[in-house]
Amino acid sequence: MLVCQAVTDTTVIFPPGEGQRMEDATVTLSVDEGIATVTLNQPESRNALSAELADTLTAKFESVTDSDARCVVLEGEGPAFCAGGDINAMLQGVKHDRPPATQVELVVSSLHEAIRTVHSCPLPVIAKIDGPAFGAGAGLALACDVQVASTDGQIGFGFRQVGLASDSGVSYFLPRIVGPNKAKELLFTGELLEAAAAGELGLFTRVFDAETFESAFSELVANIADGPTVALGHAKRLVNRSLDSSLEQALENEATAQGVAFTTDDHEEGTTAFVEKRDPEFTGQ
């Protein structure tokens, strides 16, 4: 995990559909053909999550809902998805003997707000992992709805390397994917998993060969972006809520969600296309 240097955010949010990006910003956002791409743009620190970067990431995700995006891709610029937390801030806390509450406020609070915002985004969020996702970066990847990796992708929960427990929602997401005992093993060892092993555990939902990764990833994301946006948003919330719900509550939530979906243009188009034996052309409405 590398030290993250603070960089002043100068990101410009471009109007929907322009597909542009300011390359020197800490986090960039572009929207093109219904796909919002949020890029951690600090390759020199392997996109380590400083408080400044985490705050900017939160702001970018909050602005996505004001665009015409129908899904979101979260990626890292350079050879890493995200190297983890801000080691420089942690080291400063040790050097200056900061009280634990102060250290948590400076190191963890902004990061956790970013995790909440990514996880609760009303649109499908796809993590594009073409390199290491480590520590807090692994938590950020798991906060997304789908984790798609190339064979160059890696994931690890190496908080132990810096003498820490876990944060970034890892204690919530990880055992729900791999089970509590495997989650504890991964935290106890800090093992960095290659893409194939991560895929077998369900930490990566898809793994594509590095040579065909870009085209395969684009095809998958386009398929999600072309879906019935309102229905998919409700499907996401239903699954998220089910993790802490009884069957009876889940059934009630489903009935409520379907009541909304029944009123959409996409439901009408979907049923009509089914009867006419053609592919539906959803508009997201």
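User: Buried means under 20% relative accessible area, exposed means over 50%, and partly exposed is in between (1.4 Å probe, protein chains only). On that basis, what percentage of the 285 residues counts as buried?

Analyst: 46% of the 285 residues in the chain count as buried. This is a predicted model, so local features need pLDDT of at least 70 and side-chain atom pairs count only at pLDDT 80 or more, while totals for chains, interfaces and linings use all residues. Residues are numbered from 1 along each chain as its sequence is written, and side-chain values use heavy atoms, with hydrogens and water left out.

User: How much accessible surface does the chain have?

Analyst: About 13,800 Å², with 53% of that belonging to carbon and sulfur atoms. The areas come from the Shrake-Rupley method with a 1.4 Å probe, and for residues only the protein chains shown count as cover.

User: And how many helices and strands?

Analyst: The chain has 12 helices and 9 strands. Helices are DSSP runs of H or I with at least four residues, strands are runs of E with at least two, and both are numbered from the N terminus.

User: What percentage of contacts join residues at least 24 apart?

Analyst: Counting contacts between residues at least 6 apart in sequence, 65% join residues at least 24 apart. Contact here means heavy atoms within 4.5 Å.

User: Helix packing next. At what angle do α4 and α5 pack?

Analyst: About 20°, with the axes of α4 (residues 109-120) and α5 8 Å apart. Axes are lines fitted to C-alpha atoms, for helices over the stretch in contact, and angles run from 0 to 180 degrees between N-to-C directions. The two helices are therefore roughly parallel to each other. For the labels, angles under 35 degrees count as roughly parallel, over 145 as roughly antiparallel, 65 to 115 as roughly perpendicular and the rest as oblique.

User: Which residues make that contact?

Analyst: α4 supplies L111, I115, V118 and H119, and α5 supplies A136, G139, L140 and A143. By class, the contact of α4 with α5 has 6 nonpolar, 2 polar and no charged residues. The classes put Ala, Val, Leu, Ile, Met, Phe, Trp, Tyr, Cys and Pro in nonpolar, Asp, Glu, Lys and Arg in charged, and the others, Gly among them, in polar.

User: How do α5 and α6 cross?

Analyst: The axes of α5 (residues 136-143) and α6 cross at roughly 65° and come within 9 Å. The crossing is left-handed; that label applies if the near helix is turned anticlockwise from the far one by less than a right angle, and right-handed applies if clockwise. G139, L142 and A143 of α5 meet V170, F173, L174 and I177 of α6. Those residues divide into 6 nonpolar, 1 polar and no charged.

User: And α6 against α7, what angle there?

Analyst: Roughly 125°, with the axes of α6 (residues 170-178) and α7 (residues 180-189) coming within 7 Å. That makes α6 oblique to α7. The crossing of α6 past α7 is right-handed. From α6 the contact takes V170, L174, P175 and V178, and from α7 it takes P180, K182, A183, L186 and L187. The α6 contact with α7 has 8 nonpolar, no polar and 1 charged residues by class.

User: Where do they sit, and is N47 buried or exposed?

Analyst: R46 is in the loop between β2 (35-40) and α1 (51-64), and N47 lies in the loop between β2 and α1 as well. N47 counts as buried, at 0% relative accessibility, whereas R46 is partly exposed with a relative accessible area of 27%.

User: Last one, α11. Is A250 buried or exposed?

Analyst: A250, in helix α11, is buried at 18% relative accessible area. T256, in α11 (residues 247-261), is exposed at 56%. C-alpha to C-alpha, A250 and L238 are 7.2 Å apart, and T256 and H234 are 9.5 Å apart.
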